[in-house]
Amino acid sequence: MKVLVTGGLGFIGSHTVVALQNDGFEVVIIDNLSNSSEDVLDGIAKITGEKPLFENIDLRDKSSVISFFKRHPDIEGVIHFAAYKAVGESVTNPLAYYENNIGTLVYLLQELQDKKRTNFIFSSSCTVYGQADEMPITENAPVKPAESPYGNTKQVGEEIIKDTCKVKEGLNAISLRYFNPMGAHPSAEIGELPIGVPQNLVPFITQTGVGLRESLSVFGHDYPTEDGTCIRDYIHVMDLAKAHVMALKRLLSGENNKNYEVYNLGTGKGSSVLEVIQSYERVSGKKLDYKMVDRRLGDVITAYASTNKANKVLGWQAETTLDQAMKSAWDWECKIRNYQEVHV
Ligand code: WQD
């Protein structure tokens, strides 16, 4: 069965391609390489033994989207990752985010909406909840005004899909709201490849560990939490990838009782910044150089998922512990580092 993965050379996309191939799916990747590299195809092939089909297409080019689906009429499912995702950059360049994250979604749905049956998985985010009032966060928690254009593109994206599903009964869709993805495939053949200075905590920690960064700045230590630092739900990228396969199979089998569903994807456990640092120190055996600095604008204090719905309805459960996830992140960073050292 052929599945399209847009953004399939990116961090979560590439790991999902591995999970799809491991489950016997034929995968076609669309990626415009704006935040990824074609070398990722080799990493995927080393893990699964099969190099996925790849087309370098920019989904902002509507005619390319139309011709793609003419060439691939046998696509049974679409997992849509392709989007810009840097919160800070979205504030300084909102139109690029609305054009890329919303425009491409509209073009994809326009090609899919009149098929007899379409199975569409949308990459969403816990960002839609803002600072939720209650922990753990359930799918019924209210969506709050987005703190950034990036977060708004996830909220608006979900609304566009929901509204289209209402009038196009052949369109079956699931939005997956990720908490904090981290880590890398245990083989260290693929992983997170942040371009430039990482905004996210875990790659900044591992880059500090290998000496690429001088020290980690911990953004705020006076929050109303046990150790004063923010709490998040860090989920291993392969657990996340497997959830995408299960969500797609739910749609393919017609088990979905509504043609639009939403699931939180997290471990259900919150970890503070200091606890993540301690995890790094345990798995690497190294002390991390870090300093406490002022809070980062826009950070929520606490966010971790209620996993009941994903466990009970999708039949999915995260299995990787924080230390195992951190070990995979560290192994990946060390491997990249050696490569760069050899080639420098
Ligand atoms: C986690 C914690 C920071 C960096 C993420 C993604 C965002 C979106 C939503 C997908 C916070 C602290 C971080 C650093 C730090 N992803 N931190 N020093 O903010 O939850 O947002 O999820 O939709 O793109 O970034 O994750 O890793 O940026 O921060 O102290 O150098 O680590 O303050 O408390 P966040 P994060």
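Figure 1. An N or O atom in the side chain of asparagine 180 is 2.9 Å from an oxygen atom of the ligand. In leucine 201, a polar backbone atom is 2.8 Å from an oxygen atom of the ligand. On its own the ligand has 680 Å² of accessible area, of which the protein covers 90% (Shrake-Rupley method with a 1.4 Å probe; for residues, only the protein chains shown count as cover). This is a predicted model, in which local features need pLDDT of at least 70 and side-chain atom pairs count only at pLDDT 80 or more, whereas totals for chains, interfaces and linings use all residues. Residues are numbered from 1 along each chain as its sequence is written, and side-chain values use heavy atoms, with hydrogens and water left out.

**Figure 2. The shell around the ligand.** Of the 19 residues around the ligand, Tyr150, Leu201, Arg232, Arg296 and Asp299 come nearest (a residue is near a molecule or strand if one of its heavy atoms lies within 4 Å of it). Strand β8 (residues 216-219) gives the largest share of the shell, 4 residues. Domain 1 (2-183 + 234-265) and domain 2 (201-232 + 268-304 + 320-335) both give residues to this shell, so the ligand lies between them; the domain bounds come from an automatic or database domain assignment.

**Figure 3. Helix α1.** The 12 residues of helix α1 (residues 11-22) should span 16 Å at 1.5 Å a residue, and the end C-alpha atoms are 17 Å apart, which agrees. The expected span is 1.5 Å times one less than the number of residues. Helices (H or I, at least four residues) and strands (E, at least two) are DSSP runs, numbered from the N terminus. Because 11 of the 12 residues of α1 are buried, this helix is largely enclosed by the rest of the structure (buried means under 20% relative accessible area, exposed over 50%, partly exposed in between; 1.4 Å probe, protein chains only). Glycine 24, which follows α1, has a positive phi near 90 degrees.

**Figure 4. Backbone features in two loops.** A cis peptide bond, with omega about -10 degrees, joins methionine 135 and proline 136. Proline 136 is found in the loop between β5 (118-125) and α6 (149-167). Alanine 188, in the loop between β7 (180-182) and α7 (201-209), has a positive phi near 60 degrees.

Note on methods. A polar contact is a pair of N or O atoms within 3.5 Å; within protein, one must be able to donate a hydrogen and the other to accept it, and residues adjacent in sequence count only if both atoms are side-chain atoms.
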